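Work through the exercises below with the sequence and the coordinates open. Each task is followed by its solution in steps.

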Amino acid sequence: DRFFKPQYADHIIAGYQWAAAKDYEFRVEAYYKNYRQMAPRFENLFNPLQIIPELQPDRVRLDPDSASAKGIEFGVEYNANKEFNWWASYTLSRATDSIGGRSVRRSWDQLHAFQFGLGWQRGPWKLGIATRINSGWPTTGLKLDFDAGPDGPILVPGPRNSKQLGAFASLDFR
């Protein structure tokens, strides 16, 4: 019976794509997103990818005043013939919330992302491979408090998203 005010977001996206050489196509895109008058949302502190996130004990409410996402992406594609092609892209980005006057990285923020793929086709046969490498997502650290009381030590979360996971890579074949 209670609704939040509408959220607002300004999106600015600019891109340029060109064929600079035979069989090569280049692309550059830049974006900026500014969010304001945001509604509260819920996230899990330690594992954002849960099947039923509402049932996890690390569920927290976030009330950002505003948020922003900005980045630039560079890409190249090579299509020499119908049998072989490849592509690559690199993205530099940042996604943050403003909570209580502090800038906090969003849980899906990643500064660097690199993607590469290639494809081969001859007759009915197709082979594809793609890889993605990105800098680690932010995470919340834990420490063990031994002076918590008579029940023994307890886990105490640190500041939300103040730590960073290691780089992540995936390799897919088709």
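**Exercise 1.** Which residue in strand 6 is the bridge partner of Asn 79?

Solution. The model is predicted, so local features need pLDDT of at least 70 and side-chain atom pairs count only at pLDDT 80 or more, while totals for chains, interfaces and linings use all residues. Residues are numbered from 1 along each chain as its sequence is written, and side-chain values use heavy atoms, with hydrogens and water left out.

Step 1: locate the elements. Helices (H or I, at least four residues) and strands (E, at least two) are DSSP runs numbered from the N terminus. Strand 5 covers residues 66-79 and strand 6 covers residues 84-99.

Step 2: read off the partner. Asn 79 is bridged to Asn 85 in strand 6.

Step 3: Two strands pair if DSSP finds at least two bridges between them; strands 5 and 6 run antiparallel and are joined by 14 bridges. They form a hairpin with four residues between them.

**Exercise 2.** Characterise the two pockets listed by volume and lining.

Solution. A pocket is an open set of points on a 1 Å grid over the protein atoms alone where a 1.4 Å probe fits, with protein on both sides within 12 Å along at least five of seven lines; lining residues have an atom within 4 Å of a point. Volume is the space filled by probe spheres set on the points, which are joined across faces, edges and corners.

Step 1: the largest pocket holds about 250 Å³. Its lining has 19 residues, with Pro 48, Leu 49, Trp 137, Pro 138 and Leu 165 nearest the centre.

Step 2: the second largest pocket has a volume of about 210 Å³. Among its 14 lining residues, Leu 118, Gly 119, Leu 127, Gly 128 and Arg 174 are the closest to its centre. Strand 9 gives the most to this lining, with five residues.
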